[in-house]
Amino acid sequence: MTKFIDISGVHHAYKTKHGPLPVLDGLDVGVPKGEFCAVVGPSGCGKSTLTRLISGLMRPDSGVVIVDGQEVTSPRKTVGMAFQNPVMLEWRTILQNVMLPLEIVAPGMKRDAAEARAMHLLEMVGLKGFENKKPSELSGGMRQRASLCRAIVHKPDVLIMDEPFGALDNFTREDLWQTMRDLRAAEPFTCVLITHDLRESVFLGDQVIVLSGRPARTQFVLDVDLPADRTIDILYEPRAVDMLHILRDQIRIAQGRDGEVH
Amino acid sequence: MENAQKIVVPLLAILAFLGLWEFIVWVNGWPNYVMASPSDLPAAYARFWNLFLVMGWQTLWRTVLGLLIAVLFGTMLGMVMGFSKLARDALYPLLVGFNAIPKATLVPVIALLFIGQHDFNTVLMAFLISFFPIAVSVGIGLSTLEPEYRDILRALGASRFTIFRKIALPKTLPEFFGALKVAVTLAFIGTNLVEIVSPHGRGLGALFKSGETNGDYPLMFAVLIALAFLGIVLYYAVVALEKIFAGWAERPAS
């Protein structure tokens, strides 16, 4: 099967005062079009570097990053990004915040059409009625919902999320997983989700990639063979619990390697 | 009710201050050639009202012009320092050093350089004394921008200028207005410095000087109060602008 996102043999080291600090050491990621790839690994292992590679914000020392058949050498314009910190422009309303990418990518777009598109997404994530509020009037979970809308408002072909639900409480997080599942069914993006929550990776992912400790290489790939219309309950079924056990073991191995290095 | 409080309470504070002043002068039995009291002032205003209007206007337009130049120059300098670490490292010591120089020492220098250019000299001093806080605040505002803001737009292929216009500029406005409030009063000091120190000066500073020359204490204090009044007016003009352009930064009181 052809990969929409194809990262192979990527090595990268950051320059520091104490010499080069290798963060990626043999990274391979392949995601077919429209699929959802969750990436887990010990903290500080270079997961965030992966997001910058796919979005074209930086280039690796060696190896190739191919998206949609083309090597990524600069920002691609057709990506959406969401971070753990749902940065909002405090002087704009929620609706205006969601419309921001359209102003960059499609400056000629009619305001009515842009508003309709943004409103449609806000409605899908349950923020209808909040469109004219300022970000400071919303809770953390609501801000993150708005941040998701902003990430996909311009119909990106790739959505990159860096621990987007990491700062939320457990129940809010599970709510947002379901929102994410529904958005996925409605919108045609290929997704890479960086997370350190194994349950999240199994609930949302079509595959889960385990990275080793720093410098990170692709240690293990798990195919998540669960139906697309999952509910939270599925996480308590034996087949999902088995997967969680496998991932837990892999993380242990990843941390072990981390221990040897230091 | 809330608005009444905003006006009435500060007015009461001012009246209390004037009352205290009057009381201290009265208790000590100072005649008005030693220390003027507030009750001396209305007579001074009544006698020289036309001078106050003409001189007040001169002081005001010079201060505002100097301030406008300070805003333009300070913002540009702040942008350079905010975006370039090299420029920041290079310029900070120079700026801090320049700011530490008492500006009174520059008056004779400027007066010699631009002999007779009185308006120009005054505006220049108002500018020199007030651009520093603006440059520093804009620089800090830009250099502390969270990287996520930048990444979201950069990943969409936005240019540096677009990122500046859409995010960095509006995000810096609260800091900018904070600095502008400081700069307003500084600019007044700069204007009056030149008006008082340089010969054949104009503006309220010169009026103060002539009061001093003639031993007219009520006139001198009347000038000081007029300066304070202009300062308050200009300060609240900035506050009004801040409400319009950076009102979002103000959290509703709870």
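Which residues of α4(A) are buried?

What we have here is a predicted model, in which local features need pLDDT of at least 70 and side-chain atom pairs count only at pLDDT 80 or more, while totals for chains, interfaces and linings use all residues. Residues are numbered from 1 along each chain as its sequence is written, and chains are lettered from A and ligands numbered from 1 in the order in which they are written. Helices (H or I, at least four residues) and strands (E, at least two) are DSSP runs, numbered from the N terminus.

Now to the helix. The buried residues of α4(A) are A:G141, A:R143, A:Q144, A:R145, A:A146, A:S147, A:L148, A:C149, A:R150, A:A151 and A:I152, so that 11 of the 13 residues in this helix are buried, where buried means that 20 or more other C-beta atoms lie within 10 Å of a residue's own, exposed means 12 or fewer, and partly exposed lies in between, with the C-beta atoms placed from the backbone. These buried residues pack against β6, α2 (94-105), α3 (111-124), β7 and α5 (170-186) of chain A. From first C-alpha to last, α4(A) reaches 19 Å, close to the 18 Å expected at 1.5 Å a residue, the expected span being 1.5 Å times one less than the number of residues.

A:K155 counts as partly exposed because 15 other C-beta atoms lie within 10 Å.

Strand β1 (residues 5-16) pairs with strand β2 (residues 19-31) in the antiparallel sense over 10 bridges, pairing being counted when DSSP finds at least two bridges between two strands. A hairpin of two residues joins β1(A) to β2(A), and A:K15 stands opposite A:P20 in β2(A). β1(A) also pairs with strand β4 (residues 62-67) of chain A, again antiparallel, over five bridges, and there A:I7 has A:V65 as its bridge partner.

Turning to chain B, its secondary structure comes to nine helices and zero strands, and its C-alpha trace spans about 75 × 55 × 30 Å along the principal axes. Of its 254 residues, 35% count as buried. An unreviewed UniProt entry lists residues 56-242 of chain B as "domain: ABC transmembrane type-1", with the caution that annotations may be inferred rather than shown by experiment; over residues 56-242 the chain is 86% helix and 0% strand, and the end C-alpha atoms are 25 Å apart.

Finally, how do the two chains meet? 17 residues of chain B are in contact with 18 residues of chain A, contact meaning that the C-beta atoms, placed from the backbone, lie within 7 Å. On the chain B side, the elements giving two or more residues are α6 (147-154) and α7 (160-197), and the largest share, six residues, comes from α6(B).

Key. Contact = placed C-beta atoms within 7 Å.
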